[in-house]
Amino acid sequence: MIPRATYRFQFHRDFTFADAEALVPYLERLGVSHVYASPITTARSGSTHGYDVVDPTRINPELGGEEAFRSLVMALRTRDMGVIIDIVPNHMGVAGGENAWWMDVLAHGQQSAYARFFDIDWREPVLLPVLGTPLSEALEQDALAVELEDGRRFVTAYGEHRFPLRDEDQAGGATTDAAEIRALLERQHYRLASWRTSNDDLNWRRFFTVSELAGLRIEDPAVFEAVHALPLRLYAEGLIDGVRVDHVDGLTDPAGYCRTLRARLDACPRPADAPPGPAYLVIEKILGAGEPLSADWGVDGTSGYDFMEEVAALLHAPEGEAPLDRLWEEISGRPANFEAEELEARRHMLAWAFEGQLSRCVAAFVALAASAPPTEGLTGGMLRRAIERLLWVFPVYRTYGTGDAAPESDAEIREIARTRVARHVPPGEEAVVDRVFEWLAGNGPGDATLAAEAVRRFQQLSAPIAAKAVEDTAFYRYGRLLSRNDVGFDATRFSASIAEFHADAVGRAERFPAGMLATATHDHKRGEDVRARLAVLSELPGAWREAVLRWHAMAAPHAEGVEPGDVYMLFQTLFGAWPEGLAIDDADGLTAFAERVIAWQQKALREAKLRSSWEAPNEAYEGAAEALVRALLDPARSADFLADLRDFLAKAAAPALANSLAQVALRYTVPGVPDCYQGTELADLSLVDPDNRRPVDYALRAQLLADPTRQGAEKLALIVRLLGLRRQHPGLFGTGDYRALEVRGARAGHVLAFTRTAGEETLLAVVALRTAAATAGTGSPAPAAEWWGDTSIDGLPGTAETRVAALLCDQPIAILIIP
């Protein structure tokens, strides 16, 4: 059941199951074994991603429904291919009145059959922060009305939002009378309020800071069965071969959930004509620096962010760190030390966007402390200070305690957190922090039920703080080198050594040989080839500095009012994402590129929350930044800048291509299941969503697949070749070991080499790394033979070529099967 290789499709109403079915012959020629589908359950109308599920029991009719899905599966099965689907157990979409479960909860409160499905604090009405103003103002502005639909009364807001009234309030007709509407609302199971109240007052768990996505209590067996009925049926019917679990760290007990899901999948009978089990099961899990994935969860691995980080860090030259640190500090005035940016962002987000969740977490610990004499003297203030300071410095997304126990792997995390938090603890309150650690470890005093609740709230708060503070705030503030700022990346680490990459690969081979390997996803900040191109700057810091200083001078007439740090990140983006083949006198092409960059820039400015934000957009600043983009990409106004940028792109082209090919080679040869995100078989120069979800030109890809020797098809040709090898040698790639090879000689630090062996077959992989010194400004991604000198590889069979100059004579990678 383990896929040979997957291909990720983002399904929506403009790319349906029928569209995917038409591409099945192309995927077969490419060489993948499985379609890896974004969520296929019914999402909010018009959803472009599918993670805002409104009905998990039904395949989305906008995608073609179950009939079209079955047709897609049949087309795949006839070619010995299959489907992996993305499932969303953490949350549901609750905006727009399309979620029947949520609407029933609003109508019937705690008496609803679905009241326990959502993570709601029922001590008060369900807060609905949907109004543009406080309720009184909304009533005065006639923004609310009571309307009839299918014989039932609903409250509507702005003619857009719709909320059910209790059964007891169904008598009567439509009205816009403010006093009557207020009286009706006071009797409901929910409370309408301004959207600005959500951070402080929300009494139900949401996905991060998105109030349109409500958290599910998937730990409840009834909820688990309702949410998983469809994927379990599809698996039992042989229509899918496995699942990817979205945001597993949002759940109350991720480990218990994964074990339950594995058991339920294993218990499903499979039809005789379907591949036998066990099911392929991977999880979206962001691993912190040095954090291992637990081996006892019953999963095949993660969805691949860890590999994306490993291979991206490998491409960066450590020598570039210090000069790029200095350049960032000099230009922006902000710290080169990412830890400082992360701490500030965590403090900011915790004190603002997560105030309500933090307060409820503290209240849970206050109740727990009061339940035992040893801790009854701990005040709410003491506990709040301890909890918030721990969240400032927590080293991973979360721990996995249950209140009465915790896995052994949590102990190291707690010790790291203990060391980090020490300098922030108020005098005399160290013992309070120690008590919190005891509760997280499962051996603190107090009532067991209260302990489970307190620990749950802490763990379900630490994960979104990490995501929103680091990935969605600090990564947009910190611009030393943007290729090191992406989902799952450790921005404190500038580069990774060859030995570190080998160690990670060996560990994956031993523990999770079927884990997914990704280098591009629907959530990435920058496409894999944007990062590959930017990584070249770590090898050319001096030339880059000179270029940037020239560009700042050229941009000065257009950059009035725009912070230098933002200008510097713009320069990196223009360089990194510059489309292949775009000429500097192509006005239409430059305008199209400008629109993409402006969309990225607006999102970056708002996520950074320094000079603009989603909550309070600074239109003047955003306008100045937009004007700068348009000026720089206007050949009539910035011909000198564009020519200089073109020349620098040409200088970096060969080493950038070498980096791109290195990523591909490693993704398809190291232990794991390689995934290709839609369209990235060609150069992936995308930016953050929605740019990375643009329509893919499959006609072009089919043409190049028919003749992969054409210029621009280098990635595609390598992917096809390596997938062909995976198809011809399934045992070698599926179960082969991983053995690092020692490289000797003058350029030993620029070569990664390893073998994989299964039975009598051995794969040799040799990959050139960080070769800009030899390839920048040339037409070839492979260094000349003389550059390698005496560099050679030890440990190969007696008849195998060991000289790197011979192995990498015309390409930066060599992949060989040694009999």
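**Close-up views of a predicted model**

Arg637 has a relative accessible area of 47% and is partly exposed (buried means under 20%, exposed over 50%, partly exposed in between, with a 1.4 Å probe and protein chains only). In this predicted model, local features need pLDDT of at least 70 and side-chain atom pairs count only at pLDDT 80 or more, while totals for chains, interfaces and linings use all residues. Residues are numbered from 1 along each chain as its sequence is written, and side-chain values use heavy atoms, leaving out hydrogens and water.

**View 1. Asp634 and Arg637 meet in a salt bridge.** Their N to O distance is 3.0 Å (a salt bridge is a side-chain nitrogen of Lys or Arg within 4 Å of a carboxyl oxygen of Asp or Glu). Asp634 is partly exposed too, at 22% relative accessibility.

**View 2. Here Arg701 forms a salt bridge with Glu681.** The closest N and O atoms are 4.0 Å apart. Arg701 lies in helix H25 (residues 698–706) and Glu681 in the loop between S18 and H25, so the pair ties together parts 20 residues apart in sequence (helices, H or I of at least four residues, and strands, E of at least two, are DSSP runs numbered from the N terminus). Arg701 is buried at 10% relative accessible area, and Glu681 is buried at 0%.

**View 3. An open sheet has eight strands with parallel pairing.** Their order is S16-S15-S14-S5-S2-S1-S18-S17 (two strands pair if DSSP finds at least two bridges between them). The edge strands, S16 (301–302) and S17 (516–517), each pair on one side only. Three bridges join S1 (residues 6–9) to S18 (residues 673–677), and Arg8 has Tyr677 as its bridge partner in S18.
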